[in-house]
Amino acid sequence: MALRYILAIDGGGTKVLAELKEQASGATFRAQAGSASISNDLDLALENIVKVTRDVCQQSGAKPSEIVTVMGVAGGSSQSLAEQLTVMLKLVYEIEFASLQITSDAITSLYGANLGDPCVVIALGTGAVGARLNAQKQTKLVSGWGFSVDDFGGGARIVRWQCSNY
């Protein structure tokens, strides 16, 4: 069966967004759900990733076996967590893509921010992460494990600190 679709999933500590594009027509299908931080709550992230995947497949009529998928998810730089996510998608939810690549949402932000040209991105939201892409297409991450672990500059950490000081 020919590959007809490309699915991009952006999963962070607050929400997950999915956009499925049919290659031939250019038609796009979108879905959104809650948190998808695999480093903070793998089960919840999986549930929300499955939800958006099923939503865009239902909208488009696509089958996962027809879809090339890239997921940029919080915690996706952990090979162990990415492998767990892949296995659970297949075994628990019976979702097996034609191709699946899982990486950190910071890495997908790097490529999106400057269309693959060298740049530095600092993301402050539920957590905080810094990422660099150089001219040789090498990436480097700084921090990025979620506010409960090490993101002292993230929005969630700052709010928690402010609330504890009142």
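Predicted model: local features only at pLDDT ≥ 70, side-chain atom pairs only at ≥ 80, totals over all residues.
Residues are numbered from 1 along each chain as its sequence is written, and side-chain values use heavy atoms, without hydrogens or water. Local features need pLDDT of at least 70 and side-chain atom pairs pLDDT 80 or more, while totals for chains, interfaces and linings use all residues.

**View A. Arginine 4 and glutamate 22 form a salt bridge.** A salt bridge is a side-chain nitrogen of Lys or Arg within 4 Å of a carboxyl oxygen of Asp or Glu; here the N to O distance is 2.8 Å. Glutamate 22 belongs to strand E2 (residues 16–22) and arginine 4 to the segment before strand E1 (5–11), so the bridge ties together parts 18 residues apart in sequence. Helices (H or I, at least four residues) and strands (E, at least two) are DSSP runs, numbered from the N terminus. Glutamate 22 is buried at 16% relative accessible area, and arginine 4 is partly exposed at 35%. Buried means under 20%, exposed over 50%, and partly exposed in between (1.4 Å probe, protein chains only).

**View B. Arginine 4 also meets glutamate 66 in a salt bridge.** The N to O distance is 3.7 Å. Glutamate 66 sits in the loop between helix H1 (42–60) and strand E4 (67–73), 62 residues from arginine 4. Glutamate 66 is buried, with 6% relative accessibility. Salt bridges link Arg4, Glu22 and Glu66 in a network.

**View C. Lysine 51 and aspartate 55 pair within helix H1.** Their salt bridge spans 2.9 Å, N to O. The two residues are four apart, about one turn of the helix. Lysine 51 is partly exposed at 40%, as is aspartate 55 at 23%.
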